[in-house]
2 protein chains.
Amino acid sequence: MNIVIVGLGVIGGSFAMALNKVGYKDVYGVDVDEKTLKKAETLGIIKAGCTSGEKFFEKADLIILSIYPKLVARFIEKNRDNFKKGSIITDATGIKGMFIKDIMNILPEEIDFVFGHPMAGREKKGIDFATDKVFQNANYIITPIERNKEKNIKVVENLAREIGFKIVRRITPEFHDEMIGFTSQLPHAMAVALINSDEENRDTGSFIGDSYRDLTRIANINEELWSELFLGNKNNLLKAINNFELELDLIKKAIYDDDKEKLMEFFRKSTIRREKL
Amino acid sequence: MNIVIVGLGVIGGSFAMALNKVGYKDVYGVDVDEKTLKKAETLGIIKAGCTSGEKFFEKADLIILSIYPKLVARFIEKNRDNFKKGSIITDATGIKGMFIKDIMNILPEEIDFVFGHPMAGREKKGIDFATDKVFQNANYIITPIERNKEKNIKVVENLAREIGFKIVRRITPEFHDEMIGFTSQLPHAMAVALINSDEENRDTGSFIGDSYRDLTRIANINEELWSELFLGNKNNLLKAINNFELELDLIKKAIYDDDKEKLMEFFRKSTIRREKL
């Protein structure tokens, strides 16, 4: 199978590494950055690289897009005559609903786009931070659409399992966006708000333990990507933030009321839920 | 130096391991639980253990208390005639202001209590989760009071550095509680509220990445201890929660307004702060 990865950043680079590790040798890379291509070639994780992929796309059975969400439509418009008939495109985009609608309006009929979301990222960007390790035992979500051929969905699912993902699930784009608003976007909003709510000049670093470190790790955030993701999933994210604030207000009220029993009840609930995870 | 550790749970057990590792051999343990004492003896991290420590305290140069905050006063009342004159007591309590006032009301004159807070814990309780590793490169706070002898403060500071702590700082009890409300208690409140705000029956575990895992780790929480800590630092914690909610509301407003520039501004600020940490 000929595979082309478009965008060899932290996610695309990780795909290349993981594919190489499990034996895929016909993997090609496309990236706007020459240094990135050079590095991928030196690492031996792509067979060849190019800043524009026409010659690769003609022979590609599978194209993996790991570029900014808003660049995907432009990519398809630009390359609509370069794709091999019957080939598969898949992506790594963290939002699905509106995104899929936009893409389906312009997708050539002979191309099958299997929308996917590998739930494994890192807070840093670029191929220097790529690693196949983040995929091990992680979750992979596929949001099938009516037009998808079953065999093509299976290709992506099997590949995901091969490169280390543990749970590969199919859900609707709508449910995906609802869940991701809660499990991924809300934590990012919380981390940013936590560190931004610090007062200046307190030398906070001397007074932190693992909890602050853990909760702010993702406050180191790719602003271009995440502002797109937040705004592309606006209603779900606002709902998740509101539900979270309601819970936090219950804790606040219990503290205010010196209600130890209530606090312990919240803590027991959260402990049970965390242990189940 | 004869050292007695009172409470061989996750923190006390870690102290015993860390002291043993750097060569302290005259370390004794007191715990209400026989199994815990047995385990500490089998591990060779204490010289002897006992459920009541009278015979140890008479010879102790330093007593390290790692018991629930509210048990500390009771411990001192009960043992006031057992302590060696001129000996040092230190603790691991996560709140200082009110706590210190309570203790100072009952502390025998010939005992020097150097109040400390090793900022290294784990979400689990009990000696089975003790490890000296959590102390490596962690922060240690000491909140001296007027009555403390300089040489005794130094004993605790040096010991903290010997067992692996990197930054050992002296601050006032009031500043300690303000900082800890923000860096430790607020993250715990956030983690609990996050996981408790999940809706039932969504099989959330299949849709999480590292961010949700990281942000909810400490939602597995010792309810007895943390409800005490929260209520013992009420005003600082409420202030920290309010400041955090104000920041989160700014993010919410930017999402609501589709204000990408504003979101990117928040993300750039959080990224710079996180990288500085």
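**Close-up views of a two-chain predicted model**

A search of the whole structure, a predicted model, finds 46 salt bridges over all chains; a salt bridge is a side-chain nitrogen of Lys or Arg within 4 Å of a carboxyl oxygen of Asp or Glu. Local features need pLDDT of at least 70, side-chain atom pairs count only at pLDDT 80 or more, and totals for chains, interfaces and linings use all residues. Residues are numbered from 1 along each chain as its sequence is written, chains are lettered from A and ligands numbered from 1 in the order in which they are written, and side-chain values use heavy atoms, with hydrogens and water left out.

**View 1. Salt bridge between D61(A) and K84(A)**. The N to O distance between these side chains is 2.5 Å. D61(A) sits in the loop between α3 (54-57) and β4 (62-65) of chain A, and K84(A) in the loop between α4 and β5 (88-91) of chain A, so the pair ties together parts that are 23 residues apart in sequence. Helices (H or I, at least four residues) and strands (E, at least two) are DSSP runs, numbered from the N terminus.

**View 2. Chain B laid on chain A**. A turn of 180 degrees with a shift of 0.0 Å along the axis places chain B on chain A with an RMSD of 0.0 Å (least squares on the C-alpha atoms of residues with pLDDT of at least 70 in both). The two copies are thus related as by a two-fold rotation axis. The same surface serves both copies, as 100% of the contact residues of chain B recur in chain A.

**View 3. Interface of chain B and chain A**. Contact (heavy atoms within 4.5 Å) joins 88 residues of chain B to 88 residues of chain A. The area buried between the chains is about 8,700 Å², with 63% given by carbon and sulfur atoms; buried area is the accessible area (1.4 Å probe) that two parts lose on being put together, summed over both. There are 18 salt bridges between chain B and chain A. In one of them, E245(A) meets K252(B) at 2.6 Å, N to O. Elements that give two or more residues to the chain B side include α7 (173-196), α10 (234-256) and α11 (260-276) of chain B. By class, this side has 40 nonpolar, 18 polar and 30 charged residues. Ala, Val, Leu, Ile, Met, Phe, Trp, Tyr, Cys and Pro count as nonpolar, Asp, Glu, Lys and Arg as charged, and the others, Gly among them, as polar.

**View 4. Domain 1 and domain 2 of chain A**. Domain 1 spans 3-171 and domain 2 spans 176-276, with bounds from an automatic or database domain assignment. Their C-alpha centres lie 31 Å apart. In chain A, 16 residues of domain 1 are in contact with 14 residues of domain 2. The two domains bury about 1,400 Å² between them, 60% of it on carbon and sulfur atoms. Y68(A), I95(A) and E123(A) supply 42% of the area that domain 1 buries against domain 2, more than any other three residues.

**View 5. Salt bridge between E224(A) and K70(A)**. The closest N and O atoms of this pair are 3.0 Å apart. One salt bridge is found across the interface of domain 1 and domain 2 of chain A. On the domain 1 side, α4 (69-79), α5 (97-104) and β7 (116-119) of chain A are the elements that give two or more residues.
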